[in-house]
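Please look over the structure shown here before reading on. The report then takes its features one topic at a time.

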Amino acid sequence: MLKKSNRLLIMTILVSLIFLVLTGCGKSGHKFVNQEPNIRITSYEGYDNSELLLNYADSLFIFQQKIFWSASDPDGVITGFAYRVKDQNGNPVSTPGNEFIDLNGDVTPQNVIDRFGTGWVLHYKPNADQSVPLNDPNARRTIWTSAKYAIINFPSADEDGNPYTNESTFEVIAIDNRGGITPVDPNYTQRSIAWRNFKTTSQRPTCFLSTTKGNPNGGEVGSGIRLSFTMKDDLNPSVPAIPYKFEFKIIKLDPNGTTIISESEWFDTASSPNDTNINKFLLTAHTTPSLSYDIEDDVVKSITKVVSRAYNMGGVVSETSIDDGFSITFKVKAGFRPKTLIYDQRCYALGQNHFVDYYDESSPEVMPFTISSGVQRYATHFFVDMDSTLTALNSTNIKVWLRWGWHGEYGTILASGFSSVTDDPYDKKIDYLLDRETNVNYYSEITHFDIRLDGAPYNYPPLANDPSAHQVDVDDDGNTTVWLRLPLYSPVRQTLVLTSLTSGLHTFEVRCVDLQGEVDPAPAVFQFMLVDTIPIANRNGILIIDDDKHRAVIAPDEIILPKYAAMLADYNGTKDFIKRTLENAPGDTNEDLCLRHFAPSDLQKYKLVIYHNDNPNDSGNLNLENDGLTLYLRSGGSLIISSTHRLAANLDEFVKVKQKTILSYLGIPYKSPPANYLSSSLNTNPFFQQAVGQEGYPSVQLQYDEANEPSFVDLVNDHNGLASVTYFPYINANATAIYRMGIKPVGYPTSGPTQGQFNTYNNQIIGIRCVTGTSRCYTFGFPLSYMYTPDAKAMMNKILSEIM
């Protein structure tokens with residue numbers, strides 16, 4: 001049964017085939033022939049032999065035309081277009097923007113050649129490598145494009161580039177999906193090749209010449225400059241001012257600038273092997289053409305003049321004359337050198353032991369940050385230790401940012417429009433290059449940077465094994481110094497981020513290289529020390545920091561220092577007394593870029609740091625020292641603060657700039673104001689006479705003549721009390737009040753308080769202890785040097801027994 005079914009199926013197929021063959025016999029074959037596409041130009045410009053446009057045959061058009069077309073196919077779809085331009089003799093010509101045409105027919109399909117000839121504009125095929133020029137036989141090229149318009153720059157100049165009225169023809173054909181092309185059929189003129197004639201002309205463009213660093217205006221330049229060309233085409237307003245090419249020549253004039261000594265040929269800027277854009281051309285002592293010196297032994301021997309000209313897309317050249325404004329003059333001189341700068345403001349570090357945990361809103365840049373336990377930690381500048389060394393505490397995750405540039409890179413724009421060099425990287429990039437010795441602009445550019453780290457060329461993996469990327473210097477003794485040489489626009493640019501750094505001293509060196517090939521003879525150096533953290537068990541001694549501004553009547557250095565020494569007399573360990581450097585008052589500390597003086601690398605050597613500002617008439621600088629003190633406390637250090645009524649304002653400064661952490665270590669609430677004060681004057685409310693001890697701490701009497709012995713401050717003796725005291729209405733839950741204010745009783749004969757004043761001030765907290773881990777902080781709102789020394793000593797012994 002199955003075999004019978006198969007025979008029936010085969011018979012059916014054979015009958016069907018025979019029927020198809022028989023029905024096709026005797027037919028002409030035209031029923032399925034491809035119908036070729038038709039095309040027409042839809043733009044209004046130009047003219048052809050149509051009734052609509054024939055009357056425009058004498059119209060004059062601007063040289064650049066944007067020509068649109070439209071095509072259709074009766075039995076398929078349009079897949080591409082080909083176009084060309086012919087001169088008035090009917091010969092295909094290339095035009096700016098369409099420089100490559102297929103004159104030989106190497107690319108043009110045979111059916112197009114047979115019907116229309118050659119000379120069609122070449123295009124890249126889809127996904128072709130466009131770095132291969134279209135005139136290269138290896139380029140993947142075609143005459144077909146999917147574009148439905150073309151921008152044509154019709155020739156509008158004579159052989160010398162002078163404006164000339166020229167007649168050209170534009171032609172365009174189409175191809176369909178079956179390979180059919182636009183026909184030429186006298187019976188179907190509407191389906192023939194689409195064409196337009198154009199009579200075009202152009203006005204002269206204007207060429208402007210300068211250097212990339214400005215116009216020297218006859219001044220001195222180095223032996224490396226980059227010419228900068230600009231073309232304006234204001235007389236052809238409907239055409240974008242896009243130059244076809246620039247040319248220049250070099251003229252040597254006598255020192256008076258009146259007689260030509262020599263004159264070069266014209267050079268096309270496209271011939272420069274050092275520039276990718278025709279509007280730039282590098283000139284050095286080694287280029288073609290080259291620069292030669294005009295000044296020898298400080299004597300002007302000649303003047304260099306560069307004359308320029310521009311060709312627009314219509315082939316018309318600008319006016320050229322050595323006496324017009326299309327030229328620049330200068331005198332080439334030897335001896336100019338660049339100056340390298342390391343932008344200290346933009347060099348900082350971030351790591352587990354070097355950071356700040358608040359955002360500095362006054363900073364001109366957003367610092368790099370990490371997030372630890374939900375808290376942002378920002379990079380900060382290096383501290384400066386007491387040896388004047390930039391330092392940071394090291395960690396396994398520390399990163400160091402380094403940034404550099406050159407003298408003249410940044411500045412400000414004055415109201416006059418001129419620039420003023422500031423070398424501040426947060427100002428505007430004005431991109432000048434000034435000589436390191438004379439500070440004059442020598443109109444050059446930086447091309448490379450040579451860099452070294454820790455006595456060796458910086459290890460940049462992509463260039464580690466490239467000898468051409470390493471510059472070797474040999475001194476007079478034959479010693480060599482190797483640098484890594486990086487182009488200005490390398491991926492590194494002007495920034496390095498260093499990681500995996502060992503503890504110790506690190507030295508980064510950088511020097512810039514200019515267009516002359518000259519290097520900075522004195523490289524910029526950035527040196528910093530990464531310091532290991534010292535465990536608590538290995539710390540010892542006390543550091544006493546004097547931030548009192550010397551004033552003979554209320555804060556004499558010769559009295560205050562001995563008083564602190566006496567308070568600590570029972571401690572036999574190391575005691576280092578230092579003076580914070582103040583304006584016009586030399587000291588032992590050094591200021592960093594953030595105005596800080598306390599480096600954690602110095603502080604961490606000690607188990608206890610005592611900070612005092614006991615001058616009631618001076619605010620001190622505690623508010624500037626958050627960063628170093630916070631890192632010290634975080635590492636387990638202990639701190640004593642002695643101050644006056646000025647402490648309240650310093651603490652409030654911490655609140656204003658969101659420095660929460662140090663307040664938490666001190667046990668003081670993060671609120672404004674965090675503390676109050678008795679009085680800001682020694683003569684108003686001088687009620688304080690005693691710090692009343694709490695929690696086992698001994699009371700401490702104010703020093704004045706009626707109580708114990710005369711104070712070194714006469715006003716304290718006169719009033720039998722002190723007014724310059726900070727008190728704390730609130731303290732944190734983990735803090736302990738260890739001293740409260742004891743003031744004069746109501747009715748005290750000398751400057752006594754009213755009942756209301758007594759109720760307000762007596763028993764207020766003036767001494768706080770706060771323990772956070774191994775860190776202990778003791779904050780006193782009264783100046784310890786004003787207190788009776790034996791009492792203050794007893795208090796110190798109590799504190800030392802808790803810390804040491």
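What follows is a short tour of a predicted model.

## The largest pocket

About 700 Å³ of space lies in the largest pocket. Its lining has 31 residues, and the closest to the centre are Tyr358, Asp360, Ser362, Cys594 and Gln659. By class, the lining divides into 14 nonpolar, 8 polar and 9 charged residues.

Which helices supply the lining? Helices α5 and α6 (646-656) each give at least two residues to the lining of the largest pocket. Helix α6 gives the most, with 3 residues.

## Helix α5

Helix α5 spans residues 626-634 and is mostly covered. Of its 9 residues, 8 are buried. They are Asn626, Asp627, Gly628, Leu629, Thr630, Leu631, Tyr632 and Leu633. Just after α5 comes Gly636, with a positive phi of about 105°.

## The cavity

Rolling a probe the size of a water molecule over the atoms shows where empty space is left. In the whole structure, a search finds 1 cavity of 30 Å³ or more. The largest cavity holds about 40 Å³ of space.

Which residues line the largest cavity? They are Met386, Leu543, Ile545, Ile578, Thr589, His597, Phe598, Ala599, Asp602 and Leu603. Two elements give two or more residues to this lining: β41 (542-546) and α4 (600-603). The lining has 7 nonpolar, 2 polar and 1 charged residues.

## Salt bridges

Side chains of opposite charge can pair when their charged atoms come close. In this model the count comes to 37 salt bridges. One of them joins Asp431 and Lys213, whose closest N and O atoms are 3.0 Å apart. Asp431 lies in the loop between β33 (428-429) and β34 (446-453), and Lys213 in the loop between β13 (206-211) and β14 (220-221), so this pair ties together parts that are 218 residues apart in sequence. Lys213 is buried, at 9%.

Asp520 and Arg436 meet in another salt bridge, at 2.6 Å from N to O. This pair links distant parts of the chain, 84 residues apart. Asp520 is in the loop between β39 (504-514) and β40 (524-531), while Arg436 is in the loop between β33 and β34. Asp520 has 1% relative accessibility, so Asp520 counts as buried.

## A buried pair and a network

Asp546 forms a salt bridge with Lys579. The closest N and O atoms of the pair are 3.2 Å apart. Asp546 sits in strand β41 and Lys579 in strand β42 (residues 575-579), and the two are 33 residues apart. Both Asp546 and Lys579 are buried.

## On the surface

Phe68, Tyr149 and Ile151 form a nonpolar patch on the surface. Together they have about 260 Å² of accessible area. Ile151 belongs to strand β10 (residues 149-153). At 40% relative accessibility, Ile151 counts as partly exposed.

Glu558 lies in helix α3 (residues 557-567). Glu558 is exposed, with a relative accessible area of 53%. How far apart in space are Glu558 and Met804? They are 28 Å apart, C-alpha to C-alpha, and 246 residues apart in sequence.

## Backbone details

Which peptide bonds are cis? The bond from Thr288 to Pro289 is one of them, with omega near -5°. Pro289 lies in the loop between β19 (280-284) and β20 (295-296). The bond from Ser672 to Pro673 is also cis, with omega near -5°. Pro673 is in the loop between α7 (660-666) and β45 (676-677).

Asn127 is not a glycine, yet has a positive phi of about 65°. Asn127 is in the loop between β8 (123-124) and β9 (141-142), and is exposed at 80% relative accessible area. Asn763 is not a glycine either, and has a positive phi of about 75°. Asn763 is in the loop between α9 (755-761) and β50 (765-772), and is partly exposed at 42%.

How values were computed
Residues are numbered from 1 along each chain as its sequence is written. This is a predicted model: local features need pLDDT of at least 70, side-chain atom pairs count only at pLDDT 80 or more; totals for chains, interfaces and linings use all residues. Side-chain values use heavy atoms; hydrogens and water are left out. Patches are made of residues with over 30% relative accessible area and no salt bridge: like charges are joined within 9 Å, nonpolar side chains (Val, Leu, Ile, Met, Phe, Trp, Tyr) within 5 Å. Accessible areas come from the Shrake-Rupley method with a 1.4 Å probe; for residues, only the protein chains shown count as cover. A salt bridge is a side-chain nitrogen of Lys or Arg within 4 Å of a carboxyl oxygen of Asp or Glu. Helices (H or I, at least four residues) and strands (E, at least two) are DSSP runs, numbered from the N terminus. Buried means under 20% relative accessible area, exposed over 50%, partly exposed in between (1.4 Å probe, protein chains only). On a 1 Å grid over the protein atoms alone, a cavity is a set of points where a 1.4 Å probe fits but cannot get out, and a pocket is an open set with protein on both sides within 12 Å along at least five of seven lines; lining residues have an atom within 4 Å of a point. Grid points are joined across faces, edges and corners, and a volume is the space filled by probe spheres set on the points. Ala, Val, Leu, Ile, Met, Phe, Trp, Tyr, Cys and Pro count as nonpolar, Asp, Glu, Lys and Arg as charged, and the others, Gly among them, as polar.
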